[in-house]
Amino acid sequence: MDEVLHDRIRDAILDVPPGRVTTYGDIAALTGAPSPRMVGALLSEDGHDLPWHRVLRANGTPAPHLAHEQLTRLRAEGVLAKGQRVDLGEYRWRPSED
DNA sequence: GACCTGACGTACT
DNA sequence: GAGTACGCCAGGT
């Protein structure tokens, strides 16, 4: 994994403000990552100190094995989910609106 | 180098 | 809206 890209992905995730969410695809597009999977891979190995709970899949649902923890953290920030699905139209963060 | 795996996305049914 | 199929790229074996 390219280290510059690595840092850009981390920075992009750190930019997401509390109470908002983004998607793996958005982070990939924003940072130039070749695939959204790379974003997930990075979080998997080096995401412990990042607000990883603000990163969702494109349909607004979290990864299955993290769903409970992720939705709990998001709820604490004011992001409400309908079942397992967060309303991206409501909470999705865009860099331009920062 | 082939094959498998994964915190994903899009298209299609 | 939900499920399936396939493409995608990097890492490990």
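Reply: The questions below concern helix packing, salt bridges and the surfaces near DNA.

Me: How are the residues and chains labelled, and how do you know that a feature may be discussed?

Reply: Residues are numbered from 1 along each chain as its sequence is written, and chains are lettered from A and ligands numbered from 1 in the order of writing. This is a predicted model, in which local features need pLDDT of at least 70 and side-chain atom pairs count only at pLDDT 80 or more, while totals for chains, interfaces and linings use all residues; side-chain values use heavy atoms, with hydrogens and water left out.

Me: Why is α1 called roughly perpendicular to α3?

Reply: The axes of α1 (residues 3-15) and α3 (residues 36-46) cross at roughly 85 degrees and come within 11 Å. Axes are lines fitted to C-alpha atoms, for helices over the stretch in contact, with angles from 0 to 180 degrees between N-to-C directions. Angles of 65 to 115 degrees count as roughly perpendicular, under 35 as roughly parallel, over 145 as roughly antiparallel and the rest as oblique. Therefore α1 is roughly perpendicular to α3. Helices here are DSSP runs (H or I, at least four residues), numbered from the N terminus.

Me: What makes the contact between α1 and α3?

Reply: From α1 come His-6, Ile-9, Arg-10 and Ile-13, and from α3 come Val-39, Leu-42, Leu-43 and Asp-46; contact means heavy atoms within 4.5 Å. By class, five of these residues are nonpolar, one is polar and two are charged. Ala, Val, Leu, Ile, Met, Phe, Trp, Tyr, Cys and Pro count as nonpolar, Asp, Glu, Lys and Arg as charged, and the others, Gly among them, as polar.

Me: Why is the pairing of Asp-46 and Arg-10 called a salt bridge?

Reply: The term requires a side-chain nitrogen of Lys or Arg within 4 Å of a carboxyl oxygen of Asp or Glu. The N to O distance for Asp-46 and Arg-10 is 3.1 Å, and their side chains meet in a salt bridge. Asp-46 lies in α3 and Arg-10 in α1, so the pair ties together parts that are 36 residues apart in sequence.

Me: Why is α2 called roughly perpendicular to α3?

Reply: Their axes cross at roughly 105 degrees and come within 7 Å. That makes α2 roughly perpendicular to α3. The contact involves Tyr-24, Gly-25, Ile-27 and Ala-28 of α2, with Pro-36, Val-39, Gly-40 and Leu-43 of α3. Its residues divide into six nonpolar, two polar and no charged.

Me: How do you know which residues surround DNA strand B?

Reply: A residue is near a strand if one of its heavy atoms lies within 4 Å of it. For DNA strand B there are 14 such residues, the closest being Tyr-24, Arg-37, Arg-57, Ala-58 and His-65. Helix α3 gives the most to this surface, with six residues.

Me: What makes a polar contact between Arg-37 and DNA strand B?

Reply: A polar contact is a pair of N or O atoms within 3.5 Å; within protein, one must be able to donate a hydrogen and the other to accept it, and residues adjacent in sequence count only if both atoms are side-chain atoms. A polar side-chain atom of Arg-37 lies 2.5 Å from a base nitrogen of DNA strand B.

Note on methods
Helix = DSSP H or I, 4+ residues; strand = E, 2+ residues; numbered from the N terminus.
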